[in-house]
Amino acid sequence: MDTSTHAHLRSQYAIVGVGETPYVRGSGRTHRAMAQEAIGKAIADAGIERSALDGMLSYQLGDSTQSPLVAADQGLRLNFYMDVMGGGSSTEALVGLAIGAMEAGMCEAVVIFRAMNGYSGVRIGGTGVVSATPVLDEYLHTRPYGHRSAGQMFAPSFMRHMFEYGTTPEQVAAVKVAHSEHASNNPKALYKKRVTVDDVLASRMICKPLHLLDCCTESDNATALIVTSAARARDCRQHPVLIESVVGRCSKPRTDNHFQHGPITLTAGHYGREILWRNAGVLPEDIDITGSYDAFTFTTLMQLEDYGFCRKGEGGDYVSNGTIRLGGKRPNNTSGGHLCEGYTHGISMVIENVRQLRHDVDDGCPMGPDGRRVHTHDYREGGCRQVKDPQLTANLGWHSPGTGSAMVLRRA
């Protein structure tokens, strides 16, 4: 354990409740209504008094409802709230902001939510509202050159990775294979079918080198989690999950044309890892489970490299040699992640790791007399997805190659 002065908040705060709506394509509901369901489930999961919740944070891309309205629907009066613009690097960053707000005495318990109709409403990738946006500001560097979607903007980084390190499409397809195996044991997953490397490579090309099955799903859903002090967590319903370290929206020197500074194969995780591991007092080899943002198969690979789980250029072997599969040394995205479970801009991967650390993921295992699942650790299709006795997890959030967030959680 280190003695860094940056570690004084280690284990002082916890995630005490999580909740989500079903992952569907076509909810038929407003994101405001879905937010109520997810938050209500998180409150019930935590067993916390509704009146104890006095802070709320959310993130969106102009596609959700603001916190004061959602709080009013819940009957909550807030002492602190903030709605930020952003996607995949937001969850971990907002956990950090929640801790800061509580440290400053502005509130005592914070709900963080993301509600989105990402399939039936505002879709990412240049359709609908985005396609009508004027070509201004950062769009001057992207849209005139055909970079309208995330795949088009991110793919050059992986193309260069393939060129420099010999990484193959077959290797990165193994990420989809592993996540599909995990999703097959997840009753909530939108796509439960297990796929092979050949299935991925045979799917149609979307944006070279990305095949259809290299890309995340689109879904409608809402997700929520509750953060409070470790002291208050002891009175909540669930086994506390302690927050050891947070990196919030760490960036490369440039975030628009990030390749203008430093290697194009480098992600923000290269910088964020110094904060993450120092403040957590652990190293990558201590981590039992990772939740690495899988907007595409290769985003997982590149982040695992840059946060130090393997050397740069060795990610292809790391993700294809069995390490990230259930039963492997360090499973990744045990719910199926964005490639299979549903797309939530990252918060669902935090929720999954919370449940893993509580040892109560929902899967095909039988229920015991105490109402909890008896996990078999048999990872065959339709079976278990609970990792055996995990103590530490890491979430690696992604907005783009140039911006990322991360968090280490510990079982109390």
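Which residues of helix 1 are buried? This is a predicted model, in which local features need pLDDT of at least 70, side-chain atom pairs count only at pLDDT 80 or more, and totals for chains, interfaces and linings use all residues. Residues are numbered from 1 along each chain as its sequence is written, and side-chain values use heavy atoms, leaving out hydrogens and water.

Let's begin with helix 1 (residues 31-46); helices here are DSSP runs of H or I with at least four residues, and strands are E runs of at least two, numbered from the N terminus. Its buried residues (under 20% relative accessible area, 1.4 Å probe, protein chains only) are Met34, Ala35, Gln36, Ala38, Ile39, Ala42, Ile43, Asp45 and Ala46. Their cover includes strand 1 (13-20), strand 4 (109-117) and helix 12, with contact meaning heavy atoms within 4.5 Å. After helix 1 comes Gly47, with a positive phi near 65 degrees.

Helix 12 (residues 347-358) holds Gln356. Gln356 counts as buried because its relative accessibility is 0%. Its side chain makes a polar contact with the side chain of Gln386 at 2.9 Å; such a contact is a pair of N or O atoms within 3.5 Å, one able to donate a hydrogen and the other to accept it, and residues adjacent in sequence count only if both atoms are side-chain atoms. Not counting residues up to four places away in sequence, Gln356 also touches residues including Ile289, Thr334 and Pro390.

Now turn to another pair of helices. Phe154, Ala155, Ser157, Phe158 and His161 in helix 4 meet Phe298, Leu301, Met302 and Glu305 in helix 9.

How values were computed: Buried means under 20% relative accessible area, exposed over 50%, partly exposed in between (1.4 Å probe, protein chains only). The expected span of a helix is 1.5 Å times one less than its number of residues.
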